[in-house]
Amino acid sequence: TQLENWKGPAQSDSYSIEFKNGLGKKLTKFSWRFVWKYGGDMNGVGKYVTEAGVDIDTAYAYLSEHLDVEIKSLKPVNYGTSANPVGGVDVQVSVSSHGAFEKTTKVCTLTVKGDGTSALGTCEHSEVDPVEVGSELPAIDPSTVVEIGKEVYQAIEDNQPTLNTTIDWAGAVPKGVTEWTQLENWQ
């Protein structure tokens, strides 16, 4: 009893999360497509999904900035019936941008299904608040400038765009359910 008749990989439209500073300068950018194989069945029954993840188009970080990306596949769900299961899984992309002083994270989720379809879930498009030029600034202490200079130098010295990929599973099912195929009528 093995799964067979796989199709794909299917792929989504391209998605991109970009962070800019208050002057409109691009600090970091991550672009990708969700990808997955679908249509696998067991002895002619069901449509399952496998190898759900992302195909990276762009990973960019400006000097002194860091780009961290975490990709999670959440617990599989049956979108069909127990007699004719249609497997699905949420793939979540979490993109963080940070320099020496501030970190911002945005998240985008896509549900991919064993019938080859997908549905976009939460996908954040918030922007970093711009810096107000000419706003009142606190008094500057020369020792603080030196300490900030050291921090900025260390950030520049250490700067490398990074990509962290991990898989994490989570879910909530009724007590006694041991297989997601026992549940049905998902919408």
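## A loop side chain and its surroundings

The backbone nitrogen of Lys25 lies 2.9 Å from a polar atom of the side chain of Asn21, a polar contact being a pair of N or O atoms within 3.5 Å, where within protein one must be able to donate a hydrogen and the other to accept it, and residues adjacent in sequence count only if both atoms are side-chain atoms. The Asn21 side chain also reaches the backbone nitrogen of Leu23, at 3.0 Å. Asn21 itself is placed in the loop between strand E2 (7–20) and strand E3 (26–42), and with a relative accessible area of 28% it is partly exposed (buried means under 20% relative accessible area, exposed over 50%, partly exposed in between, with a 1.4 Å probe and protein chains only).

This is a predicted model, in which local features need pLDDT of at least 70 and side-chain atom pairs count only at pLDDT 80 or more, while totals for chains, interfaces and linings use all residues. Residues are numbered from 1 along each chain as its sequence is written, and side-chain values use heavy atoms, with hydrogens and water left out.

Of the 187 residues of the chain, 32% count as buried.

A search of the whole structure finds one disulfide, defined as a pair of cysteine sulfur atoms within 2.5 Å. Cys108 and Cys123 form it, with their sulfur atoms 2.2 Å apart. Cys108 lies in strand E8 (residues 103–113) and Cys123 in strand E9 (residues 118–123), so the pair ties together parts that are 15 residues apart in sequence. The torsion about their S-S bond is about -100°, so the disulfide is left-handed, and both cysteines are buried.

Tyr15, Phe30, Trp32 and Phe34 form one aromatic cluster.

| Pair | Centre to centre | Angle of planes | Class |
|---|---|---|---|
| Phe30 and Trp32 | 5.4 Å | 25° | stacked |
| Trp32 and Phe34 | 5.9 Å | 85° | edge-to-face |

Phe30 counts as buried at 0% relative accessibility, and Trp32 and Phe34 are buried too.

Note on methods: Helix = DSSP H or I, 4+ residues; strand = E, 2+ residues; numbered from the N terminus. Phe/Tyr/Trp six-rings, centres within 6.5 Å; stacked < 30°, edge-to-face > 60°.
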